[in-house]
Amino acid sequence: MQKILNYINGELIAPQSDKWLDNYNPATGKVYSLIPDSDSADVEAAYTAAKAAFPEWSTLSKDKRSAYLLKIAALIEQHLDRLALAESMDNGKPLKLAKTVDIPRAASNFHFYGTAILHYASHAHSMEDTAINYTLRQPVGVAGCISPWNLPLYLFSWKVAPALAAGCTVVAKPSEVTPMTAYLLSEICIEAGLPKGVFNIVHGLGGKVGSAIVSHKDIPLISFTGGTATGKHIAGIAAPMFKKLSLELGGKNPNIIFADCDYEKMLATTLQSSFANQGQICLCGSRIFIERPLYEKFKTDFVSRVKALKVGAPQEEGTKVGAVVSQPHQEKILSYIELAKQEGGTVLTGGNKVILEGDYAGGYYIDPTVIEGLDFNCRTNQEEIFGPVVTLTPFDTEEEVLKMANSTTYGLASIVWTEHLTRAHRMANQIHAGIVWINCWLLRDLRTPFGGVKASGVGREGGFEALDFFTEPKNVCVKLK
Ligand code: NAD
């Protein structure tokens, strides 16, 4: 059986303990590879390599760092088919999604930061003829990067690329649930000739490898994407150590539909924003609010479109909804559907496990599920489910829908559908979220700030904000006379 290896000091190596974890294919429910069950000894080896590589990497010219990143981007594009297949097998997502979104976006992340670093500039503040201040932006040191399973290579590269571009060296941990494409990325980095120790990947469990990175006394910066409970735990350890922290956490995003929207565009996009990647995108709009005059029409049309979505094997042509990522996650989602029923919800479509035939009989499939009749502040409408489950709620006024939209502890993304110009801006102004999409969803310009408010996180990724995060500003004041 294939063994995934750690990438430490430029080499692919087994964990020091020689212990391994099973890696499941969610489409079949079968183990198909083994991943290192690494521990603090492997993290220490990775840190030592990263520390040794830091002086040279951090002082390498931006042009040269850029060239490495652009080479990695080109190699990801070159290996697109292989990477997409690996992502689909590891995560359960439709192959087409991996081919058109995950892997191209991972290449874009490296490409974007490979070029962004060339345009990154710091400030100067003149005190007329008394003095001039200029700000140096220096790479922080060895960066700890920890990422989740839902968009494995996409989100892993979203951290690692700006860290490397900024001149940090990296100790990174991908999710143990979906480690394969990070492993393939380590092969690509070797092919790209990335100097040894600059980028290190340690595979394994959050409680062992992740914890060892977060609590490492000489790793001064943690960039984390994952669940809110994990983020809270990490902050509890890292904050008293005065580490720089970027936390991209959970969401419970509202999708607000006014009756004056462009109906067909809204319907097609809402299908995507509800069920893309089996609803396992932190930006999915899981709470759909519909202005009352449109409610019945929307419900009928939406449910009929949802029923037509093909749940199937991820690599099969035409599959729109693949497997959810793991058996525990499948059980969690199904338990929320039960909860919704107990809370008085009516399941309009879906609500069940799907058992496919043949090799796929043991896979983790769930019918896309639409529920109505729930109070906006019941648990189903307040807690993150992170699966193919959405709720429908009617509303009458802007004030009412804003109150419901803003009622959760989360504040990551939001979607508003209206052709009314000033209403669109009014809503954007008042929604508690780091991201507002008006008449679109998942349209991303990599220069824009990415992240959430409240329990959805602290700090922003994206654009120069990420380069700010991975560098420390130092003001130099020069007296002129
Ligand atoms: P998770 O919090 O369980 O795990 C995320 C990562 O943290 C994994 O690599 C895991 O091994 C590691 N980890 C777990 N315990 C740790 C610990 N004690 N110390 C250090 N690291 C630890 O999240 P998940 O289930 O992999 O991902 C799903 C969650 O991620 C959802 O809540 C989703 O909303 C969120 N997410 C947020 C964004 C965003 O940009 N805001 C993007 C994608 C996913």
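Predicted model: local features only at pLDDT ≥ 70, side-chain atom pairs only at ≥ 80, totals over all residues.
**Entry 1: the ligand**

I looked up what surrounds the ligand. There are 30 residues around the ligand, and Ser147, Glu176, Thr230, Leu249 and Glu384 come nearest. Ser147 places a backbone N or O atom 2.8 Å from a ligand oxygen. Gly227 also uses a backbone N or O atom, 2.8 Å from an oxygen atom of the ligand. For Trp149 I found a side-chain N or O atom, 2.8 Å from an oxygen of the ligand. I then looked up the cover. The ligand taken alone exposes 840 Å², and the protein buries 88% of that.

**Entry 2: Ser175**

I placed Ser175 in the loop between strand S9 (169-173) and helix H6 (180-191). Is Ser175 buried or exposed? Its relative accessibility is 5%, so Ser175 counts as buried, the cut-off being under 20%. I listed its contacts, leaving aside neighbours within four places in sequence: Ser147, Pro148 and Trp149. Ser147 and Trp149 had already come up in my ligand entry. I also noted a polar atom of the Ser175 side chain 3.0 Å from the backbone nitrogen of Val177.

**Entry 3: the surface patch**

I turned to the surface. Which residues form a nonpolar patch there? They are Tyr134, Leu136, Val478 and Leu480, with about 310 Å² of accessible area together. I followed up Leu136, which sits in strand S7 (residues 131-139). Leu136 has a relative accessible area of 32%, so I logged Leu136 as partly exposed. Patch residues need over 30%.

Conventions
Residues numbered from 1 in each chain as written. Heavy atoms only, no water. Patch = residues over 30% accessible without salt bridge, like charges linked within 9 Å, V, L, I, M, F, W, Y side chains within 5 Å. Areas by Shrake-Rupley, 256 points an atom, 1.4 Å probe, with all protein chains shown as cover. Salt bridge = Lys/Arg side-chain N within 4 Å of Asp/Glu carboxyl O. Helix = DSSP H or I, 4+ residues; strand = E, 2+ residues; numbered from the N terminus. Buried < 20%, exposed > 50% of the residue type's maximum accessible area, 1.4 Å probe, protein only. Near = heavy atom within 4 Å. Polar contact = N/O pair within 3.5 Å; in protein donor to acceptor, adjacent residues only side chain to side chain. Contact = heavy atoms within 4.5 Å.
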